[in-house]
Amino acid sequence: MVKYDYDVLYIGAGHATFDGGAPLAKTGVKVGVIESGLIGGTCPNRGCNAKITLDEPVKMVREAERMSDIFEGDLKLDWTKNVEHKQEIIENLPQDLTERLESNGATIIRGHATFKNNHTVIVDNVGEVTAEKIVIATGLRPHRLNIAGTELAHDSEEFMNLKQLPEHITIVGSGYIGMEFATMANAAGAQVTVMLHSDKVLRDFYQPYVKMVVDDLKKRGVTFVENSRVQSFEKVGANYQVNYGDNQQLTTDWILDATGRIPNIDKLGLDNVGVKYDKTGVFVNNYLQTNIENIYAAGDVVSNNLPKVTPAAYFESKYLMKLFSGQTTEPIDMPVIPAVVFTSPRIAKAGVSVEEAKTKDYQISENDLANYWYYKVDKEPIAQSKQIHDKDGHLLGVTEISDQAQDAVNALLPAIEFKLDPEQIGRLTSLFPTIGYAAWHRA
Ligand SMILES: Cc1cc2nc3c(=O)[nH]c(=O)nc-3n(C[C@H](O)[C@H](O)[C@H](O)COP(=O)(O)OP(=O)(O)OC[C@H]3O[C@@H](n4cnc5c(N)ncnc54)[C@H](O)[C@@H]3O)c2cc1C
Ligand SMILES: NC(=O)c1ccc[n+]([C@@H]2O[C@H](COP(=O)([O-])OP(=O)(O)OC[C@H]3O[C@@H](n4cnc5c(N)ncnc54)[C@H](O)[C@@H]3O)[C@@H](O)[C@H]2O)c1
């Protein structure tokens with residue numbers, strides 16, 4: 001007798017679900033996926049894919065600017081066309097991902113899920129759905145400032161759908177979204193003011209590199225207001241007023257609230273089943289299992305100190321696929337999760353940080369890439385890296401600032417993850433000339 005509707009039921013259809021959920025269904029496990037929004041979740045529809053499409057012309061404008069003695073005329077970014085192009089790239093992704101899940105045998109259930117008990121969820125307009133195991137993969141949503149007029153501000157998704165670029169944009173927050181979107185808006189011709197919570201920008205990245213990005217944006221006209229203490233937003237005629245600091249005002253055309261993202265758990269009924277969580281997300285053990293035996297969690301919604309990025313959600317989803325299909329009984333062994341902020345230049349990193357290296361007996365090489373011939377081809381004025389090695393020559397970590405930092409870090413990742421020794425590293429013969437080759441350059 002079949003006891004439950006599904007063997008495994010995922011709540012949410014982002015990377016934390018579909019990367020492992022589709023192959024899991026293929027093994028014959030009966031998989032259900034509940035999604036209240038677009039299949040694919042944040043990354044394809046309103047995160048990574050959308051953002052990197054909008055950013056591509058930004059990168060090209062910067063390249064053309066550096067090559068202005070070779071090119072004739074100026075490149076001008078048309079924001080409206082850029083947004084149209086982004087839409088063309090992403091609009092079929094929910095359908096593609098639906099097909100990926102369904103063609104492997106998973107069933108998609110559309111609606112918002114709330115736990116009734118530890119094997120049953122109630123889905124709006126559908127009713128009760130039962131499963132032996134349930135995976136909470138509900139991700140994050142934008143945090144909204146708790147101040148008067150907060151409803152006048154917008155989120156990153158609304159920014160990426162702007163058909164016309166406002167003349168002046170105020171961005172509250174200087175994390176990933178604040179800095180990536182300040183870069184895009186500035187390159188597309190908007191005047192940008194970034195309101196900082198403190199004096200810190202991109203707190204998780206190597207601060208001397210962050211300063212280079214900030215100084216470059218300042219030269220390009222972006223204003224940074226430190227310790228801004230934003231107090232309220234008001235509509236004044238056709239514009240908005242940002243009230244901040246000690247009775248200071250700023251007039252602007254559009255406000256982006258980029259003050260972080262919070263877990264989608266408040267309307268999930270976790271208290272109905274006793275799943276433990278706090279404001280940072282759902283608590284799990286080394287098997288991604290919550291305190292309730294048959295309920296798991298994966299991706300951004302998990303409370304941990306990993307960066308909330310797609311590579312982490314992807315790996316966790318793949319791990320649960322192996323666990324649920326019997327391919328492993330081991331706890332999850334998280335690999336090195338790299339991170340990049342797509343400013344211009346980018347800052348990318350993986351493994352041991354420079355700050356940690358300074359507290360240990362590690363060697364830190366400081367590499368002036370702007371004067372290395374391959375980076376000169378691109379006339380990159382800001383290009384540096386720091387590589388961290390132990391005394392036996394294993395590469396433990398890297399952080400790089402350059403326009404191609406994400407590809408450089410990708411090239412070095414296998415050596416960091418697999419702790420390759422110098423002889424093994426010597427056998428990695430990269431194509432030449434490429435960033436994969438240049439990434440190894442060090443002083
Ligand atoms: C603007 C932006 C840019 C980003 N850029 C990058 C980048 O360049 N690189 C990178 O690695 N990461 C990036 N990220 C982060 C990346 O998008 C996330 O790490 C990733 O999407 C996490 O996947 P997830 O499956 O955990 O959650 P999500 O993709 O958020 O999926 C969760 C899903 O659950 C659904 N849901 C929530 N509650 C319920 C419920 N009760 N019932 C039914 N469905 C529910 C939601 O609708 C959503 O579709 C970016 C994020 C943003 C916002
Ligand atoms: N390239 C990428 O991988 C990428 C890109 C975009 C987003 N993301 C993910 O999305 C998540 C959310 O990004 P985010 O930039 O919104 O969050 P974040 O946590 O990176 O930054 C939030 C910023 O808001 C500031 N802040 C908080 N409260 C404030 C207040 N009251 N006034 C002014 N500033 C305030 C913080 O100091 C911080 O600078 C990130 O955790 C990241 O993992 C990743």
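Mentor: Domain bounds are taken from an automatic or database domain assignment. For this chain the assignment gives domain 1 (6-142 + 262-324), domain 2 (150-259) and domain 3 (345-440). The model is predicted: local features need pLDDT of at least 70, side-chain atom pairs count only at pLDDT 80 or more, and totals for chains, interfaces and linings use all residues. Residues are numbered from 1 along each chain as its sequence is written, while chains are lettered from A and ligands numbered from 1 in the order in which they are written.

Trainee: How many residues surround ligand 1, and which are the closest?

Mentor: A residue is near a molecule if its C-beta atom, placed from the backbone, lies within 6 Å of it. Ligand 1 is surrounded by 36 residues, the closest being G12, G14, G41, G139 and G299. For classes, Ala, Val, Leu, Ile, Met, Phe, Trp, Tyr, Cys and Pro count as nonpolar, Asp, Glu, Lys and Arg as charged, and the others, Gly among them, as polar. This shell divides into 16 nonpolar, 16 polar and 4 charged residues.

Trainee: Which domains each give at least three residues to the shell around ligand 2?

Mentor: Domain 1 and domain 2 each do so. The shell has 22 residues, with G173, G175, I177, H197 and K308 the closest. Helices (H or I, at least four residues) and strands (E, at least two) are DSSP runs, numbered from the N terminus. Two or more shell residues come from each of α7 (176-187) and β19 (339-341), and the largest share, 4 residues, is from α7.

Trainee: Which residues of helix α4 are buried, and which are exposed?

Mentor: A residue is buried if 20 or more other C-beta atoms lie within 10 Å of its own, exposed if 12 or fewer, and partly exposed in between, with C-beta atoms placed from the backbone. In α4, W79, N82, V83 and K86 are buried. Seen down the axis of α4, these buried residues fall within an arc of 95 degrees (the arc of directions from the helix axis to the C-beta atoms), so they line one face of the helix. T80, K81, E84 and E88, on the other side of α4, are exposed.

Trainee: Why does M160 count as buried, and what is it in contact with?

Mentor: M160, found in helix α6, counts as buried because it has 21 C-beta neighbours inside 10 Å. Two residues are in contact if their C-beta atoms, placed from the backbone, lie within 7 Å. Leaving aside neighbours within four places in sequence, M160 is in contact with R46, A50, K51, L54 and K86.
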